[in-house]
Amino acid sequence: MWRPPQKIKWKPAPGAWPTREQALASRLFSPLRLGPLELATRTWVPAMVPWRATDDGFVTQDNLDWYARFAAGRPGAIVVEATGIRDVPSGPLLRIGHDRFVPGLRRIVDAVREASGGETKLFLQLIDFLSIRRRPEPTKFLGRHLAITERHRRALGLVDAPEAQVRDALLALPAERLAEALDARELEALRRGARERVTDLELPHIRELPRVLPGLFAAAARRAREAGFDGVELHYAHAYTMASFLSARNTRDDGYGGSRENRVRLPLEVFGRVRAEVGDDYVVGCRFLSEDCIDGGSTLDDSIAFGVAFAQAGMDFLSLSRGGKFEDAKQPAIGAAAYPYTGPSGYECMPAHVSDERGPFGRNFEPSARIRAAIRAAGLSTPVVVAGGVHGFAQAEELLAADRADVVGFARASLADPDWFTKVRSGHGDQVATCIYANYCEALDERHEEVTCQLWDRTALDEPGVRRTKDGKRRLTPPAWAAPSD
Ligand SMILES: Cc1cc2nc3c(=O)[nH]c(=O)nc-3n(C[C@H](O)[C@H](O)[C@H](O)COP(=O)(O)O)c2cc1C
């Protein structure tokens, strides 16, 4: 992962913990209306992919244990990991692109209801993404996969030569000459792996995205409702299709790119179809970026306009993240795919403890508060969820008291200690295991390995019934916590 050059080391500072009475009187542990339903508290576990699904996208026992373990801590809401809306192979990522996925997803709902005594509301994050290939072996790419064009022939002075000779000549070129012979996309495919963009209008399936996606999202939302989820979160953030439509880098010339109005058109159309499919009595919100955090990407002003448009359209909540883009991601190793959290924008998304003067805690607070203020100025009361480095009670309470957010997201803090909520609420905050923001979890995510936390994954490995990672070295969920009898 990329680190700010200042390399200033920060330590989490959760501050004082409330007594049970103070917690019960707090804003954080007070209810909030979210569209047609009520959250028991304003605490939220944002979506986190734990890499526990089967290779064909079905729910496993490990998924059930994972979400039940979070639910035992009784957050107000959990958003289940990014779940693919298409019926296409996507590796061990949950999928909802066909009715056959519904029974497994329903088991997650049942597990969460049971573990939280029915208290925790459950949403499913719906994602679409475009194709990205692994960085190829140069010999295979140049020797086999690259489509040889007139441009290559001219650059090499081999206009009439057989294709095999052109490939041999490309393979023999030094790096800087090769960079001249290939066009920018070919060079990217060689150095980083080919990646589709929403602006590739010459590709029929990309041109057709605005015709195809509303129906796919709507069918997925219908299935989420059938599975018993309390609502869906449309994934309009990070490096994926919908965020790429919103991005200022989207220059599509078909009415779905260029101006802000055009860039937000498809996200609004998707929402419209989803709403029509699931009805007004079902929670539909989205996660989007307060800023793209890349050159030429969307700025806070863009996101303010998008937030107001989503609220006006009738979304039930808006959850704000930032960054997490492919454009500035690190070059992957040969055989690996680029990962959108390895560059400066990735740092903004999941800031780690080695940071700059601003530090890793709360980098998303100010832009989220500005978006929320604009929504309120437009006369709308849509709840805004903020996340990014929250780990202390006072920090969360202050966000709510200062009217900067309505719901507080704890992603890595709840991964470090899923009992954060129940401990703090019951006056046992001093027993919280605080996230150190070392991004051990994020490194596992990058390798598509089962996500765990270094604060607990080697603890009591011999406890009866403990399920372990494939290599047998780590436990998959933290040990249970029992409140001391006081
Ligand atoms: C292992 C891991 C997986 C994640 N997966 C998702 C995801 O599926 N969807 C999403 O919107 N964000 C995802 N995120 C980002 C988090 O939801 C959150 O925005 C980010 O970690 C910052 O919040 P925090 O400081 O509270 O951890 C993931 C984060 C981690 C650490």
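## Two strands side by side

Strand E7, covering residues 231-236, pairs with strand E8, residues 283-289, in the parallel sense, and the pairing runs over 6 bridges. To see one of these contacts up close, pick out Leu-234: its bridge partner in E8 is Cys-286. Keep in mind that you're looking at a predicted model.

## The barrel they belong to

Now zoom out. E7 and E8 belong to a closed barrel of 8 strands with parallel pairing, and the order is E4-E5-E6-E7-E8-E9-E11-E12.

## A helix lying across the strands

Next up is helix H16, made of residues 365-377, which lies across strands E9 (318-321) and E11 (384-386). Relative to E11, H16 runs at about 175 degrees.

## Where two helices meet

H16 also meets helix H14, which spans residues 300-313; the two axes come within 9 Å and cross at roughly 45 degrees. Because of that angle, H14 counts as oblique to H16. The crossing of H14 past H16 is right-handed.

Which residues in H14 and H16 meet? On the H14 side, they are Leu-300, Ser-303, Ile-304, Gly-307, Val-308 and Ala-311. They meet Pro-367, Arg-370, Ile-371, Ala-374 and Ile-375 in H16. Sorted by kind, the residues of this contact between H14 and H16 come out as 8 nonpolar, 2 polar and 1 charged.

Methods: Residues numbered from 1 in each chain as written. Predicted model: local features only at pLDDT ≥ 70, side-chain atom pairs only at ≥ 80, totals over all residues. Pairing = 2+ DSSP bridges. Helix = DSSP H or I, 4+ residues; strand = E, 2+ residues; numbered from the N terminus. Contact = placed C-beta atoms within 7 Å. Axes fitted to C-alpha atoms, helices over the stretch in contact; angles between N-to-C directions. Parallel < 35°, antiparallel > 145°, perpendicular 65-115°, else oblique. Left-handed = near helix turned anticlockwise from the far one by under 90°. Nonpolar A, V, L, I, M, F, W, Y, C, P; charged D, E, K, R; others polar.
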